[in-house]
Amino acid sequence: FDNRDGFIWYNGELKPWRESTLHVLSHAVHYGSAVFEGERCYNGKVFKLAEHGERLIKSGEILDMKIPYGAKELDDAVIETLAANNITEGYIRRIAWRGSEMMGVSAQTTRINVAIACWEWPSYFKPEERLKGIRLDLSKWARPAPNTAPTNAKAAGLYMICTLSKHEAERKGYADALMLDYRGQVAEATGANVFFIKDGKIHTPKPDCFLDGITRRTVIGLAKARGYEVIERAIMPEEMADFEECFLTGTAAEVTPVAEIGQYKFTPATVCKTLMEDYMALVRGDKAAVAAE
Ligand code: PMP
């Protein structure tokens, strides 16, 4: 991914893509001191730009990293990077990380670097294709307790078990994996939140040890606008036997119906279809959907 044309915003200036490197002794590489954001741009407009910028700064604070740019400055930099790369339908990655000014666990005098990259990633999908649903493995890794890791930050280190879960799932032929949490409750997929439907009601785990996704909150709003009851609660894995529909939400995943999680089967139907369509209408700026949000 490093050998491309284009520009990356790097500590305040646009640098050629291939030159946007960092030193091997960067603290972030050794100790995982990095926080990031994944965002999408639709029709030239970044969906929830300010929310993503605020979350990046907050994730930094949680990791004791003060990002040396203001929220507005970073949001403007995202727009600048998109323009420099001529992207209107794409994915944006903002990242902040500790540099190589000192070596060791303590990193008091390391620089907090910030970069913004973006690339083309159209999100055209056929609803009938997506409605078949994806298959998820049930991961053996558990989301850690909030007092064992900074679970409310979008921190690079938290993705170690996500990559392990996803690799194992892919080896077994699944698209992704669902992870339980330290209590054995349903948590989330490796890069997306999860929802279930039963008797016309929507159930989703409380985000008390994993990311409360921006898409998750958006979809909860859309569901309520449609009159669906949304229940945030502890969900045990055995309950999955009784749920009728299931879907994932995330910036990259958008609303993705799920057909299978391990031994449990679901049939994507009305609720998946409705929320998939409402979400796409909203991100694309359709007026009725914006009003419903
Ligand atoms: N959980 C994890 C682990 C994620 O990586 C993501 C994607 N950022 C999400 C949930 C969904 O978050 P969002 O809707 O803000 O993209």
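In what order do the strands of the open sheet run, and is their pairing parallel or antiparallel? This sheet has 6 strands in the order β2-β1-β6-β5-β3-β4, with antiparallel pairing.

**A word before the views.** You're looking at a predicted model: local features need pLDDT of at least 70, side-chain atom pairs count only at pLDDT 80 or more, and totals for chains, interfaces and linings use all residues. Residue numbers start from 1 along each chain, as its sequence is written. The chain has a mean pLDDT (the predictor's confidence in each residue, from 0 to 100) of 96, and 98% of its residues reach 70 or more. For the complex, the predictor gives an ipTM of 0.99 and a pTM of 0.97.

**View 1. Here is the open sheet, β2-β1-β6-β5-β3-β4.** At its edges stand β2 (13-16) and β4 (45-46), each with a single partner strand, so one side of each has no neighbour in the sheet. Strands here are DSSP runs of E with at least two residues, helices are runs of H or I with at least four, and both are numbered from the N terminus. Two strands pair if DSSP finds at least two bridges between them. Further in, β3 (residues 34-42) and β5 (residues 90-98) are joined antiparallel by 8 bridges, and F36 sits opposite I95 in β5.

**View 2. Strand β13 (residues 245-250) is mostly covered.** Pick out L248: V194 stands opposite it, and its bridge partner in β14 is T256. With 3 residues between them, β13 and β14 make a hairpin.

**View 3. Now the shell around the ligand, made up of 14 residues.** The closest include G213, I214 and T215, along with G250 and T251; a residue counts as near if its C-beta atom, placed from the backbone, lies within 6 Å. Both α6 (214-225) and β13 supply at least two residues of this shell, and α6 gives the most, with 3 residues.

**View 4. Helix α5 (residues 160-171) has one buried face.** Its buried residues are S165, K166 and A169. M160, T163, H167 and R171 are exposed on the face turned away from the buried side. Among the elements covering the buried residues are β7 (134-143) and β8 (176-181). After α5 comes G173, with a positive phi near 90°.

**View 5. R284 sits in the loop between α7 (270-283) and α8 (287-292).** R284 is partly exposed because 14 other C-beta atoms lie within 10 Å. Leaving aside neighbours within four places in sequence, R284 is in contact (C-beta atoms, placed from the backbone, within 7 Å) with Y42 and N43. E54 is 230 residues away along the chain, and its C-alpha atom is 22 Å from that of R284.

Methods. Buried ≥ 20, exposed ≤ 12 C-beta atoms within 10 Å, placed from the backbone. Contact = placed C-beta atoms within 7 Å. Arc of directions from axis to C-beta.
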